[in-house]
Amino acid sequence: MRKLWLWGLLFFALGFAWSITAERNPCTERISGSAGDVLEDDPVGRLKVYVYELPSKYNKKILQKDPRCLSHMFAAEIFMHRFLLSSPVQTLNPEGADWFYTPIYATCDLTPTGLPLPFKSPRMVRSAIQLISSSWPYWNRTEGADHFFVVPHDFGAYFHYQEEKAIERGILPILRRATLVQTFGQRNHVCLNEGSITIPPYAPPQKMRARQIPPDTPRSIFVYFRGLFCDVNNDPEGGYYARGARAAVWENFKSNPLFDISTEHPTTYYEDMQRAIFCLCPLGWAPWSPRLVEAIVFGCIPVIIADDTVLPFADAIPWEEIGVFVAEEDVPKLDKILTSIPSHVILRKQRLLANPSMKRAMLFPQPTLPGDAFHQILNGLARKLPHPKSVYLKPGEKILNWTAGPITDLKPW
């Protein structure tokens with residue numbers, strides 16, 4: 001009886017998917033109201049950024065040592081540097097700058113398997129700040145309050161890939177007045193500073209463009225996911241990784257014909273996402289992953305399973321309108337939640353996802369495009385201007401404690 005029910009549900013879902021494909025309106029839908037206006041903002045003329053010129057040991061030499069850094073999910077720190085050096089917002093006159101940028105490739109320290117290690121990052125950042133504060137006068141005027149740093153690791157400037165360890169060590173103290181441009185975002189979380197700009201992780205734009213399939217291809221997969229359900233190396237007992245949400249997906253839906261889920265990563269991964277209606281985007285060690293970017297680019301409705309997450313450019317992208325949010329505790333109900341969404345709601349989400357401005361905002365392309373992720377970061381910085389007078393310190397005033405933090409962070413880099 002249970003098998004008959006499942007197959008009946010499968011045929012219903014596939015028929016539903018095919019009906020959506022048949023009805024699919026090729027037109028896109030613009031985001032209405034202030035969100036759409038912000039998404040299409042042009043930051044040029046609204047701010048000026050001074051890029052510190054650092055010795056190459058902080059950036060270029062690190063990349064030369066391991067070019068794999070150009071394609072991992074934290075590569076935004078590299079491409080943002082390159083973008084600013086050729087952007088019209090760059091100023092060579094620091095006296096007229098609104099913002100100061102210190103180009104450090106703090107996550108370009110990879111294991112043989114390509115996983116970034118953040119443990120040297122605090123020493124590298126501290127060394128760079130010591131250099132700019134002794135060579136230029138601008139850091140000392142505000143102790144970094146008019147400076148921004150790209151820190152795209154799992155928990156930003158907390159520099160650890162496990163949440164409890166990141167919280168235990170805390171944010172690098174000398175960055176506490178700076179604006180952090182980071183992938184991590186979670187409401188009411190100590191690792192998200194007030195004023196941080198949350199960005200998408202890096203996903204290779206050229207590779208995704210090369211794997212586009214015809215837009216009228218039927219979306220015959222109801223729910224799609226490829227990835228880890230548990231991390232046996234770092235969480236051998238299970239339940240801690242992804243706060244148990246991924247394990248719950250596997251346990252409840254590994255045999256459900258509506259769910260195309262597996263740990264295997266096929267060569268047709270990008271094509272499969274374009275054939276799916278819903279793409280699961282559960283948290284991992286952090287409450288985000290490149291799947292979110294891939295889902296948006298390929299028009300697959302993201303099913304976001306990460307409680308209290310703060311998503312990229314949340315003031316410009318209407319995530320509630322384009323995605324589906326499922327509480328971690330409700331993972332066992334995923335099938336009922338997704339099959340109960342009316343077809344007209346799904347169609348509207350697909351039209352919004354088809355909007356090119358939505359896709360551009362999630363990518364760091366080379367060459368750059370108007371409205372892409374680089375420009376959305378600049379828009380975020382522009383919206384924080386003008387700086388209040390309170391950011392400028394009085395003569396002799398000090399706020400930051402340079403010797404705070406773990407003793408290992410104080411070693412010379």
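Begin by selecting Arg 275, which counts as partly exposed at 29% relative accessibility; here buried means under 20% relative accessible area, exposed means over 50%, and partly exposed lies in between, with a 1.4 Å probe and protein chains only. Before going further, note that this is a predicted model, in which local features need pLDDT of at least 70 and side-chain atom pairs count only at pLDDT 80 or more, while totals for chains, interfaces and linings use all residues. Residues are numbered from 1 along each chain as its sequence is written, and side-chain values use heavy atoms, with hydrogens and water left out.

The term stands for a side-chain nitrogen of Lys or Arg within 4 Å of a carboxyl oxygen of Asp or Glu. Asp 272 is buried, with a relative accessible area of 12%.

Side chains of opposite charge can pair when their charged atoms come close. By the rule used here, the count comes to twelve salt bridges.

Next, select Glu 163 and Arg 243, whose side chains form a salt bridge with 3.8 Å between N and O. Glu 163 belongs to helix H7 (residues 163-169) and Arg 243 to the loop between strand E6 (221-226) and helix H9 (245-253), so this pair ties together parts that are 80 residues apart in sequence. Helices (H or I, at least four residues) and strands (E, at least two) are DSSP runs, numbered from the N terminus. Glu 163 is buried at a relative accessible area of 19%, whereas Arg 243 is partly exposed at 34%.

Move on to Arg 226 and Asp 260, a salt bridge in which the closest N and O atoms are 2.7 Å apart. Arg 226 lies in strand E6 and Asp 260 in strand E7 (residues 259-262), so the two join parts that are 34 residues apart in sequence.

For the last stop, colour helix H4 (residues 76-85), which is mostly covered, with eight of its ten residues buried. Among the buried ones are Phe 79, Met 80 and Leu 84. What covers the buried residues of H4 includes strand E1 (49-51), helix H3 (60-65) and helix H16 (373-382).

Notes
Contact means heavy atoms within 4.5 Å.
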